[in-house]
Each structure stands twice: as C-alpha cells, then as structure tokens.
Amino acid sequence: MNKLGWAVVATVASAVLFFFGTGLDPVPELAWVAPLPILLLAPRVPGAAAMACAFAAYLAGSAGSWSYFRHSLAVPRPAAIAILGGSALLFALSAGLFRVLVRRGHGLPAALAAPALWTAVLYGVSLLNPTGIMDTLMTTQADRPAVLRLAAVTGGWGVEYLVLFVPAAVAAALAPRVRGLARVAGLVATAAALTGLVVWTTPPPSGPSVRVALIAMDKGPWAADVDTFEGRTTVQAYVDEIERLPGGVQAVVLPEAAFAVDRTSRPRLVDTVTEVARARNLDVVTGVIDTTPDGRFNAALAIPPSGPPVEYRKWHNGDSPNLGSGTQLAHFAGIGLMVCMDVNFADPAGEYGKAGTGLVLVPASDEDVDGWAHSRTALIRGVENGFSVAWSAARGTPMLADAQGHVLAEAHTGGSPFTVVVADVPIGPGKTPYARFGDWFAWLCGLVALTGLVVAARRPSLSPVTTNTGQL
C-alpha cells in the first residue's frame with residue numbers, strides 16, 4: 001500500500017475511534033487509542049499531509065456532537081463552529097509538533113510535548129471561554145475512578161494529558177527515526193504512569209454520610225413564577241413528591257430555576273417549603289430566579305427546617321446579560337452550593353475545596369443529550385477538590401457521586417412525571433493537593449509545550465539519524 005493509502009486508512013481509523021471514544025456518550029478505553037493511527041502516520045508522510053489527516057480525523061470523529069451543537073440553546077452557533085474546528089486544528093498542530101520532533105530522533109520530547117500543547121491550549125480556552133469547558137478527553141474517563149483520582153493532584157488536566165500521552169509514547173517508540181534509549185524512554189514513562197495509578201488505590205478517608213434525594217420534574221417549567229397558577233401548582237407538585245420520599249433523607253435538591261421569586265413572593269415559597277422540611281426534618285435546596293433590589297440572580301436557595309434560608313448566587317451565567325453574577329460561597333451545615341454552569345470553571349469549586357467542603361449540592365438544567373457529559377463535569381470538580389456531588393438536573397442526568405469519583409446513583413430524566421434519585425453520600429475530605437496548589441500541572445504543560453516548540457523551531461543538524469528515511 002502506498003503512502004496515500006496508509007494516510008486514508010489512518011484517518012478513517014482515528015475518526016472512527018474518536019467517534020466512539022469521545023463525545024456525549026463515549027467508550028472510555030477507545031479514547032486512549034483514537035490518536036494512535038494519526039500519530040503513527042505523522043512521521044511517515046509530509047508535514048502538510050500529516051496535519052490535514054489529523055484535522056480531518058478529529059473533525060469527522062466529532063460528528064456525534066454536531067447535532068447537539070446545532071440545536072444547543074447554551075452554545076451559540078459561532079461558538080459551536082469554533083469549538084469543533086478549533087479542537088480539530090489543535091489536534092492537527094499537536095500531531096505536527098509530534099512529527100517534527102520524532103523525525104529528529106527526539107522520541108520522549110515528542111511524546112511529552114504533543115499532549116502538553118493540547119492540554120495547555122485547552123487550559124487557556126477554559127480561562128477565556130464565557131461558558132467554560134466540558135466534554136474533553138478528561139470527561140471520557142469520568143466513569144473510571146482509578147484514572148480520575150489523578151485529578152485530585154493535577155486537576156482534570158492531568159487526566160487530559162495522560163489520555164493523549166499514552167498513544168504519543170507508543171507512536172514515538174515505533175517511529176522510524178527514533179533509536180536506542182529514545183525509543184524506550186516514552187514506553188518506560190508510560191508504564192510508570194499507569195503503574196502509579198494502579199498502585200495508588202487507597203482513597204483518602206471520608207466522613208459520615210448524608211442521605212440525599214434528587215427530584216426533577218419531567219418537562220417542568222423554567223422559572224415558574226410562584227405568584228401564578230402554574231407556579232403554585234409546580235410548588236405543590238414538588239412538595240407532594242418530597243412527602244413521598246423514603247425515610248432517612250436529610251437533604252433534597254431540586255433543579256436549577258425551578259421557580260421565580262421576588263421580594264413579595266419569596267416568603268410564600270419559603271414558608272411552603274419550610275412546612276414540608278419541618279415535617280420531614282430535612283433541608284430542601286431549590287434553584288430560583290430571584291429578583292432583588294440588587295438585580296436578578298440565578299440562585300440556589302437552601303431552606304432548612306428551622307432558621308433563615310441560605311442563598312447562593314450563580315457565579316457564571318454565560319451570555320445571559322440580564323442576570324447578575326455572584327461572587328460569594330454559600331454554606332449551610334457545612335454543605336456547599338453551586339448552580340449548573342459553575343462546574344465548567346475551576347472556581348467556585350476550587351474555593352470550596354480550599355475551605356474543606358465535603359459535599360456540594362448543585363441544582364442544574366441540561367439539554368437531554370448532554371446530561372451525562374455535564375454531570376461528569378461536576379463529578380470531575382468533586383474529585384479535584386475532595387467533595388462529593390449532588391447534581392439535580394432537569395432534562396439531564398441527576399447524579400450522586402462521592403469525592404473519589406464513584407457514581408452512587410443516577411437516572412436520566414423523562415419517562416415518568418418525576419425522576420427521583422436517592423443514596424447515602426459520604427462527606428469528602430476536601431483540601432486535596434489540587435485544591436491547595438491549583439492549576440500547577442496546566443502551567444507545567446505550557447512550559448513543556450513551549451520547550452517542544454523551541455526545539456522544533458531550531459534548524460536540524462545534519463547527522464546520520466536525521467538523514468535516514470522511514471518507509472511505510
């Protein structure tokens with residue numbers, strides 16, 4: 001088979017593996033293999049061809065997300081195009097950097113620098129994008145706690161890096177111009193990294209458990225005004241469902257923006273919910289759109305059996321100009337609160353981790369098909385910062401997970417008037433190394449990527465190693 005044939009085979013193989021190994025419903029193991037055909041091809045064809053094949057493979061492999069982005073209400077069309085095209089371009093650039101370095105005999109630097117470039121750029125995007133970041137390579141491993149526990153030290157960026165580093169190390173070891181120790185160094189590093197994950201099997205100790213219930217109304221209204229008939233009916237429906245919960249439930253979480261309140265109607269909602277909270281001796285957290293003299297906020301309102309309610313105001317509202325953004329954490333009985341899109345960003349989750357918070361309750365609302373991916377974004381934040389997560393999503397995947405990344409219970413909404421999920425959730429330890437030191441690994445990736453780019457930009461020396469020709 002000639003080079004063109006091998007290029008087509010590698011592109012199709014990577015595209016198929018990316019299609020099934022990434023996206024909104026991935027097969028986790030395939031994500032580790034998907035880059036390999038392209039990285040094996042890269043040093044064996046001209047640079048332009050290698051990058052074109054990488055771009056095409058990643059773009060085609062993301063086809064499973066095209067429909068989601070086309071119909072998404074949360075991601076504007078220009079942003080969707082930028083995400084799809086930008087990710088494919090970034091993979092092409094990473095493959096191009098890998099190709100240059102391995103063709104000069106730098107096997108281990110190539111294996112280190114290519115995933116570092118990918119990770120560092122995604123980290124930069126996460127800082128600049130008003131909707132944050134989700135559904136990347138780290139998300140594909142969200143149901144593999146043995147891998148995900150790395151995030152407690154490196155953040156999710158360590159997982160992101162590792163998933164691309166492993167195939168890069170294998171491809172570098174098999175590259176035609178890599179010789180001697182350079183050929184095995186990447187494989188040794190890969191074996192060490194994977195062995196470390198296997199050996200590191202003892203999770204940090206957890207505290208006592210809290211029995212948590214998630215309740216999401218199927219096709220419930222967004223921000224039902226409690227002063228209207230629809231709003232009063234919705235409040236009563238949730239109250240009735242809370243009364244049906246099994247015994248021992250200590251906290252109930254309803255979805256994002258279940259109700260709309262203002263200064264006049266908020267006491268009515270609080271009084272009604274307090275009555276059922278007192279009767280069942282539990283805390284109720286609900287999402288509200290709260291209109292106040294200070295502005296209009298998307299908030300999580302915690303209503304205890306006695307005492308005043310606690311309100312958390314969502315920090316990140318994307319492109320919603322009519323909503324104000326909060327800047328403060330909120331705790332009740334040592335439990336933290338967030339709202340939906342907040343989990344797409346390092347903070348406020350990181351601030352909760354620093355504070356030693358062991359459980360965070362999150363009212364949320366998704367778009368059905370992205371429910372799994374968004375719930376796992378919340379799960380990753382919990383592992384990074386040492387807290388368990390209660391994710392109560394309308395039109396999504398209500399989920400309860402511990403601080404080590406184990407899903408304790410979950411369900412997808414739809415098919416019944418209410419989706420109810422109940423489990424005993426251990427209080428996490430908080431204060432992980434990542435919570436203490438932040439995105440140190442992402443910055444390290446930036447340094448490694450920059451070093452790789454500098455080496456790649458240098459004029460190659462004429463040596464026997466660089467004048468050999470690899471053959472397919």
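## Helix packing: α13 and α14

Axes are lines fitted to C-alpha atoms, for helices over the stretch in contact, and angles run from 0 to 180 degrees between N-to-C directions. In this predicted model, the axes of α13 and helix α14 (residues 266-280) cross at roughly 10° and come within 10 Å. Angles under 35 degrees count as roughly parallel, so α13 is roughly parallel to α14.

Which residues make the contact between α13 and α14? From α13 come V235, V239, I242 and E243. From α14 come L269, T272, V276 and R280.

## Aromatic pairs

The structure holds 13 aromatic pairs. One of them joins Y58 and F91. Their ring centres lie 5.8 Å apart, with 40° between the planes. The Y58–F91 pair is tilted. Y58 belongs to helix α4 (residues 47-61) and F91 to helix α6 (residues 77-103), so this pair ties together parts that are 33 residues apart in sequence. Both Y58 and F91 are buried. Ring pairs also bring these two into a cluster with F18 and W118.

Y238 and F259 form another pair. The ring centres are 5.9 Å apart and the planes stand at 80°. Planes over 60 degrees apart count as edge-to-face, so the Y238–F259 pair falls in that class. Y238 sits in helix α13 (residues 229-243), while F259 sits in strand β4 (residues 259-261). The pair links distant parts of the chain, 21 residues apart. Y238 is buried, as is F259.

## R381: a buried arginine

Is R381 buried or exposed? Its relative accessibility is 9%. Buried means under 20%, so R381 counts as buried. R381 lies in helix α16 (residues 371-385).

Which groups does the side chain of R381 reach? At 2.9 Å, it makes a polar contact with the side chain of E384. At 3.4 Å, the R381 side chain reaches the backbone oxygen of N344.

Neighbours within four places in sequence aside, R381 is in contact with V343, N344, F345, A346, A349 and F387.

How values were computed. Residues are numbered from 1 along each chain as its sequence is written. This is a predicted model: local features need pLDDT of at least 70, side-chain atom pairs count only at pLDDT 80 or more; totals for chains, interfaces and linings use all residues. Side-chain values use heavy atoms; hydrogens and water are left out. Rings of Phe, Tyr and Trp (its six-membered ring) pair if their centres lie within 6.5 Å; planes under 30 degrees apart count as stacked, over 60 as edge-to-face and the rest as tilted. Helices (H or I, at least four residues) and strands (E, at least two) are DSSP runs, numbered from the N terminus. Buried means under 20% relative accessible area, exposed over 50%, partly exposed in between (1.4 Å probe, protein chains only). A polar contact is a pair of N or O atoms within 3.5 Å; within protein, one must be able to donate a hydrogen and the other to accept it, and residues adjacent in sequence count only if both atoms are side-chain atoms. Contact means heavy atoms within 4.5 Å. Angles under 35 degrees count as roughly parallel, over 145 as roughly antiparallel, 65 to 115 as roughly perpendicular and the rest as oblique.
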